[in-house]
Amino acid sequence: MERADVVRVENGEVRGVVRADHAVFQGIPYAMPPKGELRWRSPHRPADWAGVRDATKPGSPCPQVGSSYSDTRSTDEDCLFLNVTTPSTEGRRPVMVWLHGDGAIGAGHHFDATALATKGDVVVVTPNYRLGVFGGFGLAGLAGSGTFALQDQREALDWVRRNIAAFGGDPGNVTLFGVSYGASATAAHLISPASRGLFHKAIMHSGFALVDLPAEAWYPGLGALPWLAWRDTAEIEQLGRMVTVELGCADIDCLRALPVGKLLEYPQVMNIFQPFGYGNPDLPKVPAEAFPAGEVARVPVLAGNTRHEHRNLVEVFRGPVAAEDYPRLLAAAFGDRAAEVEREYPQGAFESPGRAWAAVLTDRVWARATFRQHELLSAHTPTYAFEFADEEASEHGASHSTDIGYLFPDRELTDRQRDLSDAMIRYWTAFARTGDPNTGGLPHWPAFGEGRHVQSLASGAITGVDYRAEHRLDFWQG
């Protein structure tokens, strides 16, 4: 089917770019710019525009300061845009809405959805949302404290419900999926009563839903945390009061008048307000309370993590680990049980002290929590579990977020990697279509409830894996 380059949405017409087998529409506003009086308020629907709006290039990323692993910087609060990639095929197609990771950096347009849309015959939507202090700030008396990022994501989903049919998408068949912070956000929407009915399947890559942190597990000097992704709303509001005073303000009106750059100058302000606030109408409970009680949307779930999850995180957040550091880190993390952990993970069994420490954290922090997530969700809804295990994915092997480059290819892949990428796209889009990843010509993928099955995904090898044994879960759970 020939795709028109002009599409009408509820606020007016947009012109995108039409290619041989798909069309791309970028920088479509789904909410008003959250600045001035709208900073730290629930998103408002955008105003209508006259004529045809240019949608051939992305809108601005939301404010961010960049990092050691991202050069993206922005001070522009006019940032609540989304991008639509749609194949040139007939009929209503499943819709996949992607939530990027991190929570302090990123933008939807950083992910090229061409392969996913055309090979899987799905419509892909990649929104921006408020980050860091703009998405997670809180203050006593401020409605929505700690949840503005979640509200933006929900507004994008609601925009999809109202508008995606114009791009050939089926608003009654929407899959919400994300990685890392975006996967944790997906878990939050599974819990949130306000998000019910806006999506019909969920996919989570390396989410933090049940992740707690031992001391030293993330940054040097960081103490133990009960949750990586969540913070009680009252605590967020206390942090907000501290920041308000230190910025020389007495109230929210003063804060709303501050330039973006002034807010971004506050030390670590984007990281301080990364966690989602819970104990409020948007997120009443943490997943550890809601999942066992079955207080989740009853939609099919596909979820998993990577085999060596923490390898690249050690490199990014800590740097080299010396031989003498390893016992010190174990002691800080595990106290009087450090010797037990060292016997289970002796330094000499690994390529380096850093790899030993990464193996400990991959199993204790990630694998334990992810497997428990599968157990809890599968008791209430169809759940399919995966482990991305392609050792060719990066210099650190199958580490955090390296699976995403196989769904959104952004570099040249080898033939073996391309085969795995194609297989993953077929599995993921079959799941988006039917709630079951199984599709002709690929190895069978049993549901997790069938013998606690976890599907291992690697170049030249897609098969079940003994996840409990591989990640020593009996040791950690004992």
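Q: With which residue does arginine 452 form a salt bridge?

A: This is a predicted model, in which local features need pLDDT of at least 70, side-chain atom pairs count only at pLDDT 80 or more, and totals for chains, interfaces and linings use all residues. Residues are numbered from 1 along each chain as its sequence is written, and side-chain values use heavy atoms, with hydrogens and water left out. A salt bridge is a side-chain nitrogen of Lys or Arg within 4 Å of a carboxyl oxygen of Asp or Glu. The closest N and O atoms are 3.9 Å apart in the bridge between arginine 452 and its partner, glutamate 375.

Q: How many residues apart in sequence are the parts that arginine 452 and glutamate 375 tie together?

A: Arginine 452 lies in the loop between helix H15 (415-434) and strand E15 (454-458); helices (H or I, at least four residues) and strands (E, at least two) are DSSP runs numbered from the N terminus. Glutamate 375 belongs to helix H13, so the parts tied together are separated in sequence by 77 residues.

Q: Is glutamate 375 buried or exposed?

A: Buried means under 20% relative accessible area, exposed over 50%, and partly exposed in between (1.4 Å probe, protein chains only). Arginine 452, at 39%, is partly exposed. Glutamate 375 has a relative accessibility of 18% and therefore counts as buried.

Q: Where does aspartate 212, the salt-bridge partner of arginine 368, lie?

A: The closest N and O atoms of arginine 368 and aspartate 212 are 3.5 Å apart. Arginine 368 is in helix H13 (residues 353-378), and the pair ties together parts 156 residues apart in sequence, because aspartate 212 lies in the loop between strand E10 (201-205) and strand E11 (230-232).

Q: Which residue meets glutamate 235 in a salt bridge?

A: Glutamate 235 is partly exposed at 39% relative accessibility. The N to O distance is 3.7 Å, and the partner is arginine 231.

Q: Why is the protein described as being as compact as a globular protein of its length?

A: The protein contains 17 helices and 16 strands. The radius of gyration is taken over C-alpha atoms, and the globule rule is 2.2 Å times the number of residues to the power 0.38. For 478 residues the rule gives 23 Å, so the protein is as compact as a globular protein of that length, its radius of gyration being close to this at 22 Å.

Q: What percentage of the residues of the protein count as buried?

A: The C-alpha atoms fill a box of roughly 70 × 60 × 40 Å along the principal axes. Of the 478 residues, the buried share is 60%.
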